[in-house]
Each structure stands twice: as C-alpha cells, then as structure tokens.
There are 2 protein chains.
Amino acid sequence: MFAPTYLDHNATTPLAPEVREVMLPWLGERFGNASSRHEYGRAARKAIEEARGQVAAAVNAHPSEVIFTSGGSEANNLFIKGVAAQAKPGLIAVSGVEHPCVREPARQLVRSGWRYHELAVDGAGRIDRAAFDTLVSEKPRLVSVMLANNETGVVQDIAPLAHEVRVRGGWMHTDAVQALGRMDVDFRALGVHGLALSAHKIYGPIGAGALIVDKRVDLAPVVAGGGQERNLRSGTENVMAIAGFGRACELVVTARAERMARLETLRAHLEHGLSGLGACIFGFAAPRLGNTSFFAFPHVDGETLVGRLDRAGFAVASGSACSSAHPEPSHTLLAMGVAPELARSALRVSLGAANTRQDVDGFLQALGESLASLRTLTAMVV
Amino acid sequence: MFAPTYLDHNATTPLAPEVREVMLPWLGERFGNASSRHEYGRAARKAIEEARGQVAAAVNAHPSEVIFTSGGSEANNLFIKGVAAQAKPGLIAVSGVEHPCVREPARQLVRSGWRYHELAVDGAGRIDRAAFDTLVSEKPRLVSVMLANNETGVVQDIAPLAHEVRVRGGWMHTDAVQALGRMDVDFRALGVHGLALSAHKIYGPIGAGALIVDKRVDLAPVVAGGGQERNLRSGTENVMAIAGFGRACELVVTARAERMARLETLRAHLEHGLSGLGACIFGFAAPRLGNTSFFAFPHVDGETLVGRLDRAGFAVASGSACSSAHPEPSHTLLAMGVAPELARSALRVSLGAANTRQDVDGFLQALGESLASLRTLTAMVV
C-alpha cells in the first residue's frame, strides 16, 4: 500500500501497538455480551470496568463518573441533549469555535424553546472574557466551551469560566476530545459538570468515547433501551473498543510530557518554514496544543493544496467542513474574524507520535513546490 | 481460558473468521477518518461504501437507504426519536413484546405530547390482529412491531401490518436485529419505512448497526454534528466495525438456509429433551426463529439455573432484564399473559453456527442434574 506521511492526527490517529494488543483477543477467542450472567458475560464486564478505571484515572475522575459512548460526538450530544431533556428551557451558550457536534445539538434546542447564544472569541480564538461575563450575568442553564480547538489547537482557560457558570447555578460542559493526551486534562481542576473524550484521537480505536459527568447532573439518555451505563447509554457495550480506549488512556498519559515537548519543537521547526513560505498562522498569539498548526497562504485554495500534497505523499487537512459535498470555510476561522477568502485557503498540520524532523522537512519541500506550481498557474490565468 | 459451551447467540455471537480477516488490517497498517480528503481518508471511505452495498444487498434495500449507526439500539432509537422530532405529536404504538430499545424511546415521547399504546399479543406472542385493526383505525403516526423476538424467537407477519399502517399515512418500523441471518429479511417485501439491524448478532463485531430507511421519511439525527451518514448520524465512522458488518452480512445470507435447517433440527432435539424434563416452551405454537428456545421449569428460579449451568460449563440466558441490579421478569412473557412466577423461571437457549448435537446432549444432561439438585434442595427447604 502507498503510505503517505501522515500529518493529520487531529482527524484520527493510528492505533498504538499496545492498544492493538488488548483489542486483538476480542477479535479472536474472546467475545461476550457484558450484560450476560455467564463466564463470557463476566469476562466482558471485567474488561469494561478495567477500562473505566483507566479512563477515569487519565482525567482525575471517579470511575463511576465515566459513561462510555460510541465516541466523542455522541458524548457531546449526550450532555447537551441529556441536560435539555430534563431541564426547563432556558439559555444555552456555546463558544463560536465549537465542533459541530456541540454546536448542532445546542442549536436544535431552539425548537424546544431554548434561547441559543454563541460566545464571541477574539482574533486568536480565545473566549472574549467581557462578552462571557455579560453572558453569565443572564444565568445560562448550560454553557459549553471546548478545552482545545480541533482546527487551531487553541486552548481555553476553562476553570475560571466554569466557576462563573457554576456559582450562578448553570451546568458547564467542555469538549476535551482534542485536548486529551496533548495537554493536562483534569476533570476536578476544570470544575466542569460534563467533559467529552474520544479514543481515536489518542492512538485508540474509533468506536469508543466517554462522557465524564458530575452525578448531580440530571441527564436523559440519547440512546434509550437496555439500561447499560447507568441507564444513560443503552446498547451492547463495544468491549473491544472500550478495552482499547482504556489502554490508550494509560499510554497517552504516561507518554504525554515527553511526546508533546518533542512535537512542540517539531512544530516550531515547521512554523519557521511556513513563515518563510509566506503563511499566516491562525491562533499564533494564543496558547495552543503543541502538535497543531493551522495556517493559510493568501490566494491559494486550501482544498487544491490538500490534493497536491496528497499526490506528493503528505496527508494533511484543509480548513473546510469536509463531510459535505460543498465545503464551507471553517466556522472556527470565521468566528475569529478571518475573511472567508482567507479561510478558504486554510491548511492544518497535526503532528503525532511517529512524526520526525524528516517528515516535516519533506513536507515543507513539497509544500514549497506545490505553492510555486500553483502560483505559476495562477499567474498564467491572470 | 475456561471455555464453556456457548448457547447464547441471541445475546451476541463470536466473530466469523472471514469477518475477522477484513477487520484485522484496520487494527494494523490501515487507519483513517473517512471524512479526510487524502489517501487514508479515501481508503476508509471506500471500505465503508463497500460495506454499505453488502448490507443493502442482504436485506434487498438500496445502498442509499442504509444509515450506519453504532448498533441496533441506536438504529431503533434513531427511527423513533428521529421521526418524532420532525412530526406533530400523535399516536405511537409498539407491540407489547418489543425490546426496551424500542419501547423506551417510544414511551419517552409521552413527555413531548405523544399518546403511547402497547399492542396486545396472544399467548404465543403473536400480534392480536383484532386489537391491531382497532388501533390502526385511530391512524397512528408511528407503529413499531419487531420482526422476530429476541427472547421467544417468535416471528411476526409484518407485511400485512405494514400495509395497514401505510395506507393510513403512518410510518411503520420493524426491529430486525434478531431476524437477520436467521430468516429472510426483505426491506421491500416487508413494506416498512424503517428497519434496524445489528452486526454482532450475525457473527460480526459489536459497534456497528444500521437503520434501513425509506427516503420519504423526514428524520432528525439522534447524534448531530459533523454531518456523516447523510447528516443522520454524526461522528467519525467506525470503519473497522462497518467493514466487518458488511462482510458478516454477505456471509450470513449465503450460509443461512443450510445453517438454519441444521439448527432447527438441533432445536427439535433440544426441545424433545426439554419436554422430557418437564419444561413448558414459550411461543411453541407460533412461527419461531429456528435457533431459539425459551422455556421454564415451574418453581425453579431461572437466574439460579443460569448460575448452575454456567458452573457446569454451559452459557445460556435467563428471561430477566439482566442489565439492572434487580432483575425483573421478562416483559415479553408478561405481555403473553405468563404469570410472573413462571416468567421468573425462564431460560433461553439460542443456538449458533458452531453448536453440535454433542453440545445439546451435554446441555440436557447438565440441565437434568441441575434440576434434580435444585429440586432436592427445594424439597429439603419445604
């Protein structure tokens, strides 16, 4: 198989070999429905509870606060829809840079009589504190601000925001899907009521995620039925993925400090090269995840560049909402006040465990060549 | 590892080796987010679309009618909640023998102003047609009747029921999770608007399911966000599980006729033995899935028997809702008019691909011994 250099770890990560090892038996001789009251069921239950402890330990939560879901999107939906189903309609506020799996369920609440508000961010992608203070004075019932942004990597200072929401009797939620394994994530220290995680961003499998939830929150399930996960997430538990998630949490916490220091150095090298090629780097002025670089070359279409780089053997992301047929410029960038034309030029490199200086040098070279060739084309057209 | 004889295939099934084969690469060198626009993303997308074709072919649907979910529970929730979110409140009716993942979301609609009705079944677990006809005259907006019951294996004659609902402008849904691979499942011939499937009941992995849905149905997503699966199921697609699901569909359709004929003979042998031991068999008078036997020995606690059999090396299920700490007698049996005391004695054997006549003989022997020992104990206590 043709294996391009993978520089898109915020989209998904390859499995860690140690994660694969705990998953493999569940593809072979091990199987079982964790609700079954026989040997097979007990073995499945045991694997799930072990993983629950591992996930809880990774974010300083209690195992009983971990609700396993099919992934991060479902975990975010569960908190927002789950709270809304049990509360009287009120004000919900989410930051302008949230992932669609927070923004969409929040917006849908308008149909049930909620007021929806998007919190402003500054040019670097950080929550505008004055706007936030005005918002909390209106006593929102639910506020969601992500811990680290999937596109820019910009990190929000959640704890003081959570404090303001909490003292006014609201519920505070944070999407920590991109943060886990790339910065310290401490459920207690953040002081939030709900926190969403995903396995496949931390060298674990697609198919497992978790909502860490304060037990005082009255939640309704999104998937109702057999009563699994304290009646908050029905459906036969995906033992293999959950076991892998648990192991991935253990590994990523152990490896984090050293790995992120290395990747941050690598990113500095990358961004030095990018600046030399004329890129503007989004969120540069804010604290960012050490592995993420989101940038643009004015007048060069991001999608086109992704295609060129792909053919040159480098897998990176563009800044557009790519699950639709007609890509829209990044909502995150628009919220930061970036002009739509520049937003359409955006490109994201997200580094991971296996990346080396050679990868970055090779990428910079290919990028330079692609840019030169595209600019020649543009010059010819103009 | 201690490997008891597995007789609980309606709870979950072991992976078919051919399914494992298509999944393994996704635990190794293959990985990718199917929304990514580079080589890794395209490969993931290709695997998903191939699986979509395989699932569609297994149930005579068009690939564009297949919405992948994390499993059967989510697929059932998606149809019921998804329809309800887009329609004016009205009457919803589900059979009295539905799985909780149909009954619970349906019941929850009462909060949004819907009227909830449970369709009566007869003593053999079949829909009471007179009661059904009365119900449809009230023009329900949504009716759900499962194709084959998970506990009794009783099969409903869905097509004529769907016809009655359809001609009155309602939506008809069927939970086909237990039916797939154990009987013919034909989306077109059934004439339903929604049909739920699960991979792990057909020798595929836990973590993948599908809602087959008529495109005229206006559905809202249960998990909203990135817009995957025609905006009906957001979240990074579980490529490995979906690929396994597709392959499992292919295999189970090919193997079905021969396998089910064999299992039906095996079950006849089992039930001959059960009758000799004094069991009453639930749903015996109705058409049933060929692999399933649900029975009880009066005055013998089902849970206790499951425990004894487990220690004797046989994995079977009881008839209680086993995900809760305080087991309730089977809702299915109560709906069939079975007395709660007898329902508490229920035991389920569900045969699968690997089971042999030796398995059944060994089980009957262990069952006979367990019964004798429990009856001696009971006699001593009394």
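Predicted model: local features only at pLDDT ≥ 70, side-chain atom pairs only at ≥ 80, totals over all residues.

Residues are numbered from 1 along each chain as its sequence is written, chains are lettered from A in the order in which they are written, and side-chain values use heavy atoms, without hydrogens and water.

Let me start with the pocket. The second largest pocket is lined by 29 residues. Among those nearest its centre are A:Lys81, A:Ala85 and B:Ser112. By class, the lining has 19 nonpolar, six polar and four charged residues.

Next, the loop residue. B:Ser36 lies in chain B, in the loop between helix 1 (17-23) and helix 2 (39-58). Is B:Ser36 buried or exposed? B:Ser36 counts as buried because its relative accessibility is 9%, and buried means under 20% relative accessible area with a 1.4 Å probe, protein chains only. Its side chain makes a polar contact with the side chain of A:Asp8, at 3.3 Å; such a contact is a pair of N or O atoms within 3.5 Å, one able to donate a hydrogen and the other to accept it.

Finally, strand 2 of chain B, residues 66-69, is covered on both faces. B:Val66 and B:Phe68 are buried on one side, and B:Ile67 and B:Thr69 on the other. This strand pairs with strand 8 (residues 209-213) of chain B in the antiparallel sense, over four bridges. Within that pairing, B:Ile67 stands opposite B:Leu211.

Methods: 1 Å grid on protein atoms, 1.4 Å probe; cavity = no way out; pocket = protein on both sides within 12 Å on 5 of 7 lines; lining within 4 Å. Nonpolar A, V, L, I, M, F, W, Y, C, P; charged D, E, K, R; others polar. Helix = DSSP H or I, 4+ residues; strand = E, 2+ residues; numbered from the N terminus. Buried < 20%, exposed > 50% of the residue type's maximum accessible area, 1.4 Å probe, protein only. Pairing = 2+ DSSP bridges.
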